[in-house]
Amino acid sequence: MIELLPERQSQVLRTSSGAPATALPCGKASLAGSVSQRACVFCGSRVVLYPICDALHIVHGPIGCAAYTWDIRGALSSGPQLHRNSFSTDLQELDVIFGGEKKLESALLELIAHYQPKAAFIYSTCIVGLIGDDVSAVCKRVGAKTGIPVLPVHSEGFKGTKKDGYRAACEAVYKLVGTGDTTGISPHSINILGEFNLAGETWILRDYYKRMGIEVVACVTGDSRVADIRRCHGAKLNLVQCSGSMTHLAKMLERDHGIPFKRVSYFGIEDMSAALYEAAKFFGDDPTIMLRAQQLVREEIAAIYPELQRYKQKLIGKRAAIYVGGAFKAFSLIRILRLLGMETAVVGSQTGDTEDYRQLQEISNPGTIIVDDSNPLELAKFCLEKDVDLFIGGVKERPIAYKLGIGFCDHNHERKEPLAGFVGMLNFAREVYASVASPVWQFAPRRANRRKEVRPA
Amino acid sequence: MNAISQEEEPRSKNFTSTRNACKLCTPLGACLVFRGVEGCIPFLHGSQGCSTYIRRYLISHFREPIDIASSNFHEESAIFGGSDNFQQGALNVMRQYEPQLIGAATTCLAETIGEDMPRLLLDLREKYGDRVTAPIVTVSTASYRGTHMDGFHAAVKALVEQLGRPGETTGAVNLFPGMVSAADLRLLKEILADFGLNYTLLPDYSETMDGETWSQYQKLQSGGTPLKAIAATGSAKASIEFGRTLAAGQTAGSSLLEKFNIPRHLLGLPIGIRESDAFFQLLSELSGRSTPVKYQRERGRLVDSLIDGHKYVFEKRAIVYGEEDLVVGLASFLCEIGVTPVLCASGGRSRHFEEALREAAPLLPAETLVKEGFDFAEIAELAPLLKPDFFIGSSKGCSAARELTVPLVRVGFPIHDRIGGQRVLHLGYRGAQEIYDRVVNALLEVKQESSTVGYAYL
């Protein structure tokens with residue numbers, strides 16, 4: 001029997017029909033000993049900036065933080081592969097005692113001379129926050145010597161949550177914005193913020209916008225170059241996909257450069273189409289953009305629809321649990337599952353905010369469990385209670401599902417199949433189908449013992 | 001072999017930074033050890049990220065749940081100390097997981113602010129005595145001191161020192177195998193049982209980190225070294241410890257020798273024929289029985305296969321990397337079969353690496369490069385000059401091997417680009433057989449695929 005810790009109970013709720021949405025107390029530090037699925041501030045910064053492929057990324061601290069983030073994202077580059085390395089000052093005991101500034105400075109000078117990056121990001125880890133290294137001063141000196149932007153990222157692990165890491169990343173990358181030449185940028189131009197080119201997703205999206213006649217100035221940070229980011233203030237509209245990580249950057253661009261932003265999602269037919277129409281509407285001065293968008297959507301849907309229908313027939317009535325990093329992705333996933341005839345019975349996130357959870361309650365069926373900052377025991381409890389057939393999450397959730405004989409789809413940043421765009425919808429449907437329909441589950445003890453109950457429709 | 005001179009060696013050693021580390025941080029090793037103890041939950045005293053990163057990394061290899069609790073430091077704890085967080089965390093873990101033991105390891109954050117773990121335990125008992133339902137073992141694992149192997153050995157030592165009890169000497173032996181695979185641990189148990197020995201194998205994550213699918217939810221997967229067996233380490237008649245580079249170090253075995261006068265037998269990881277022979281020989285002495293026929297046959301089949309395949313491997317050049325003791329074992333075996341290790345590299349810095357290598361592998365050519373404190377960028381830079389025929393080590397050598405289009409034989413940890421890392425067998429004659437077959441077949445595959453004729457017989 002799994003019981004919730006009393007301190008955790010307020011972060012779990014169950015929707016009931018007709019009841020108004022309630023405010024979930026989220027955004028808190030994780031409860032000690034609760035085995036949160038969250039990582040730390042450093043993790044937030046590192047994942048967001050990681051795909052900038054012609055920059056040097058160096059982790060200032062002992063080896064762990066760099067080792068665990070070596071080439072872990074599926075963020076692809078069409079050019080330089082520098083981002084896929086793991087550079088660390090690998091601080092040793094003496095460095096901790098006497099300070100790591102000198103080591104950092106030599107490390108930077110050597111790496112910049114050798115790899116010729118267009119900028120360098122220096123991630124501070126827990127230790128650096130304690131031993132008092134003046135990382136900003138080192139960055140300034142090295143920047144002056146090398147002539148490239150050398151940017152500190154204030155990502156000490158204990159100084160907040162992963163969300164604070166996103167913010168620190170936005171602050172660091174924003175120092176590049178506004179330093180490039182914007183001549184020649186089309187009046188119909190956008191930036192895509194919070195899209196990381198996992199498995200080449202940015203390329204799919206860029207192709208869509210190109211077909212509509214819209215120029216993508218920069219994708220921050222998927223397959224991005226320092227030069228793109230420098231001139232991204234020349235775009236006319238920002239589309240923010242991973243809103244949890246990049247809304248802060250969008251707000252700064254709005255404040256200083258007057259660029260409006262809109263939240264979009266590229267997952268699922270409905271949200272993907274809406275994202276394209278959103279940009280087309282914004283550039284209403286050229287009505288052909290909307291016409292092209294409509295044609296694109298028609299063509300793309302027609303290409304995937306028959307296969308989707310085939311999967312839907314096999315998936316109707318199946319139940320799913322969703323646990324993701326940012327809550328915004330969960331909205332899309334609920335809609336995608338509905339399109340496939342499936343019901344979401346459990347939905348949660350590591351870093352959702354009050355508004356996210358309010359909206360989740362509104363779009364969820366009555367009886368859905370909604371949870372903030374959950375942990376393995378709770379997730380297992382909810383999966384068992386709702387007897388789900390599928391779990392959508394990241395690598396840390398996978399074994400929870402598998403051990404209980406539940407299908408699993410990875411929708412996290414390590415994925416190697418593109419899930420964005422129309423083609424991504426099809427890939428995802430295939431994966432859901434493969435996860436649920438595989439014959440292996442018949443041998444999983446819990447599934448084999450499962451009562452052949454008649455499920456409510 | 002063609003050696004490369006010092007001048008030709010790239011000047012990568014001049015990099016101050018570590019580029020693509022060939023090591024992991026100390027708490028990872030400790031967490032794995034604690035999950036090899038029955039009913040024990042690992043607990044990291046530090047930031048939330050440490051436990052999450054380590055969980056993710058271990059899951060990617062073992063494909064099993066591993067719940068690691070955290071005291072989840074925030075800014076105030078970093079300034080005023082993490083005592084409150086530790087207490088709250090420990091109590092929550094006890095309430096939620098009902099563990100038999102908490103294995104508390106520090107992180108660089110806790111170590112830097114000078115957390116006094118024994119003091120924290122006293123405070124916890126004083127304040128919440130009635131709610132403290134499980135013992136806590138603590139180990140100091142600052143990640144700026146050593147690698148995951150140091151964390152691993154330190155955790156084994158801490159368990160033995162804090163839970164081992166003296167008593168009248170029994171006939172049992174302690175076996176501290178080091179960081180080996182789940183399949184290796186299962187083999188070791190089989191061997192010890194076949195010799196009729198009572199034993200404590202510590203750690204034993206053969207079931208916890210390579211278990212079955214559940215019929216019912218398990219808060220902590222079953223299996224692991226029982227606490228009673230750890231207590232009994234203090235009354236064993238002998239300790240066996242794998243790892244030639246540990247000779248000078250303070251380990252579980254050396255601690256039991258000092259405290260309880262239990263003889264310590266330090267062997268290399270039993271990889272290949274001679275190192276396995278030494279292990280079976282020792283078990284024979286300790287048990288008073290000769291090596292069971294089953295293992296004699298395994299050895300016989302292994303030798304027979306080495307003869308069958310010797311032409312395919314002779315003077316092939318291998319780059320060997322990973323934890324120091326693993327590299328020592330692998331190099332020893334490779335030399336036995338006629339393969340030339342051209343580079344033996346590790347991210348560890350025991351200062352005994354080369355010495356241990358030369359002892360275990362007397363046939364290792366003098367020109368073989370032996371590198372401590374090395375990283376994968378350095379390996380990748382040296383590799384083209386060394387013209388290897390294959391790499392042998394963890395998944396992390398993949399990109400360097402791919403660059404040269406030579407095969408990588410995946411062994412050790414982590415293997416996260418293939419399935420079954422936890423089931424790779426390295427030890428004993430059976431493990432040597434598995435590694436041998438894989439090495440030969442990797443080379444045959446190259447031969448077949450690169451041939452224009454497309455030989456169907458090789």
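Reader: How many Å apart are the C-alpha centres of domain 2 and domain 3 of chain A?
Author: This is a predicted model. Chain A is divided into domain 1 (6-27 + 316-415), domain 2 (41-174) and domain 3 (189-298). Between domain 2 and domain 3 of chain A, the C-alpha centres are separated by 28 Å.

Reader: Which helix supplies the largest share of the side of domain 2 of chain A that touches domain 3 of chain A?
Author: The contact draws 21 residues from domain 2 of chain A and 20 residues from domain 3 of chain A. On the domain 2 side, helix H1 (41-49) and helix H7 (162-174) of chain A each give at least two residues. The largest share is six residues, and it comes from H7(A).

Reader: By class, how many residues on that side of domain 2 of chain A are nonpolar, polar and charged?
Author: The side in question is the one that touches domain 3 of chain A. Its charged residues number five and its polar residues three. The nonpolar count is 13.

Reader: Which residue is the bridge partner of A:Tyr123 in E5(A)?
Author: E4(A) and E5(A) pair over four bridges. The sense of that pairing is parallel. In E5(A), A:Tyr123 has as its bridge partner A:Val153.

Reader: Which residue of E1(B) is the bridge partner of A:Ser88?
Author: Here the pairing joins strand E3 (residues 87-88) of chain A to E1(B). It is antiparallel and has two bridges. The partner of A:Ser88 is B:Thr18.

Reader: Which helix gives the most to the side of chain A that touches chain B?
Author: The contact between the chains takes 61 residues from chain A and 55 residues from chain B. By class, the chain A side has 37 nonpolar, 15 polar and nine charged residues. The helix that gives the most supplies five residues, and it is H4(A).

Reader: Is A:Gln116 buried, exposed or partly exposed?
Author: A:Gln116 sits in the loop between helix H4 (101-115) and strand E4 (119-124) of chain A. Although not a glycine, A:Gln116 has a positive phi of about 50 degrees. A residue is exposed at 12 or fewer C-beta neighbours and buried at 20 or more. With 13 inside 10 Å, A:Gln116 is partly exposed.

Reader: Is B:Arg351 buried or exposed?
Author: The loop between strand E11 (340-345) and helix H14 (353-360) of chain B holds B:Arg351. Its phi is positive, near 70 degrees, in a residue other than glycine. Within 10 Å there are 12 other C-beta atoms, so B:Arg351 is exposed.

Reader: How many of the 15 residues of H2(B) are buried?
Author: Helix H2 (residues 48-62) of chain B should span 21 Å at 1.5 Å a residue, and its end C-alpha atoms are 21 Å apart, which agrees. B:Arg63 follows H2(B) and has a positive phi near 55 degrees. H2(B) is largely enclosed by the rest of the structure, because the buried count is 15 of the 15.

Reader: What is omega for the cis peptide bond from B:Phe413 to B:Pro414?
Author: B:Pro414 is in the loop between strand E14 (408-410) and helix H17 (428-450) of chain B. A cis peptide bond also joins A:Val220 and A:Thr221, with omega about 15 degrees. A:Thr221 belongs to strand E7 (residues 215-221) of chain A. For the bond from B:Phe413 to B:Pro414, omega is near -5 degrees.

Methods:
Residues are numbered from 1 along each chain as its sequence is written. Chains are lettered from A and ligands numbered from 1 in the order in which they are written. This is a predicted model: local features need pLDDT of at least 70, side-chain atom pairs count only at pLDDT 80 or more; totals for chains, interfaces and linings use all residues. Domain bounds come from an automatic or database domain assignment. Two residues are in contact if their C-beta atoms, placed from the backbone, lie within 7 Å. Ala, Val, Leu, Ile, Met, Phe, Trp, Tyr, Cys and Pro count as nonpolar, Asp, Glu, Lys and Arg as charged, and the others, Gly among them, as polar. The expected span of a helix is 1.5 Å times one less than its number of residues. Two strands pair if DSSP finds at least two bridges between them.
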